[in-house]
Amino acid sequence: MRNYKEEDSYFRAKKKVEKIKGFYTHAIVYVGINIMLLVLIYSSYTHKSNFWNLGTFSTAIGWGVGLLIHGISVFGKQIVFSESWEQKKIKQFLEEEQQGAKWE
């Protein structure tokens, strides 16, 4: 007899792992390509002070926004406010209250 609930859980977990792997691949490619682009752009300037302008970094900034959106789609709010973070903060505040600390 097949256990469809376990099988469904396995496939959801596998899909989540594939999404995380895809994000990390995207991040590695982002870093590698942008380093190469910036080195090529820097080497093309005769006056190195011209390197520091918005146009030089426009690809990195635009792609970085896309990478941020990709990260949010993969990790959601867990990037900053994971359940374990919430539990740690609750525990911290309870301990501080027991020690007489005041917080609002």
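Visitor: What volume does the largest cavity have?

Guide: A cavity is read on a 1 Å grid over the protein atoms alone, as a set of points where a 1.4 Å probe fits but cannot get out. Grid points are joined across faces, edges and corners, and the volume is the space filled by probe spheres set on the points. In this predicted model, the largest cavity has a volume of about 30 Å³, and the structure holds one cavity of 30 Å³ or more. Local features here need pLDDT of at least 70 and side-chain atom pairs pLDDT 80 or more, while totals for chains, interfaces and linings use all residues. Residues are numbered from 1 along each chain as its sequence is written, and side-chain values use heavy atoms, with hydrogens and water left out.

Visitor: Which residues line the largest cavity?

Guide: Lining residues have an atom within 4 Å of a point. Here they are Asn-34, Leu-37, Leu-38, Ile-41, Thr-56, Phe-57, Thr-59 and Ala-60. By class, five are nonpolar, three polar and none charged; Ala, Val, Leu, Ile, Met, Phe, Trp, Tyr, Cys and Pro count as nonpolar, Asp, Glu, Lys and Arg as charged, and the others, Gly among them, as polar.

Visitor: Which helices supply at least two residues each of that lining?

Guide: Helices are DSSP runs (H or I, at least four residues), as strands are (E, at least two), numbered from the N terminus. Both α1 and α2 supply at least two lining residues each. The protein has three helices and zero strands, in the order α-α-α from the N terminus on.

Visitor: Is Asn-34 buried or exposed?

Guide: Buried means under 20% relative accessible area, exposed over 50%, and partly exposed in between (1.4 Å probe, protein chains only). Asn-34, in helix α1, is buried because its relative accessibility is 7%. Buried residues make up 12% of the 104 residues in the protein.

Visitor: What does the side chain of Asn-34 contact?

Guide: A polar contact is a pair of N or O atoms within 3.5 Å; within protein, one must be able to donate a hydrogen and the other to accept it, and residues adjacent in sequence count only if both atoms are side-chain atoms. A polar atom of the Asn-34 side chain lies 2.8 Å from the backbone oxygen of Tyr-30. The backbone nitrogen of Ala-60 lies 3.5 Å from a polar atom of that Asn-34 side chain. Another case is Asn-53, in the loop between α1 (4–44) and α2 (54–75): a polar atom of its side chain is 2.6 Å from the backbone oxygen of Asn-50.

Visitor: How many aromatic pairs are there?

Guide: Rings of Phe, Tyr and Trp (its six-membered ring) pair if their centres lie within 6.5 Å; planes under 30 degrees apart count as stacked, over 60 as edge-to-face and the rest as tilted. The count is nine aromatic pairs. Tyr-10 and Phe-11 are edge-to-face, because their ring centres are 5.3 Å apart and their planes at 70°. Tyr-42, Phe-51, Trp-52 and Phe-57 form one aromatic cluster.

Visitor: Which charged end sits over the ring of Tyr-42?

Guide: A charge sits over a ring if NZ of Lys or CZ of Arg is within 6 Å of the ring centre and within 35 degrees of the ring normal. For Tyr-42, the charged end is that of Lys-48, 4.7 Å from the ring centre.

Methods: 1 Å grid on protein atoms, 1.4 Å probe; cavity = no way out; pocket = protein on both sides within 12 Å on 5 of 7 lines; lining within 4 Å.
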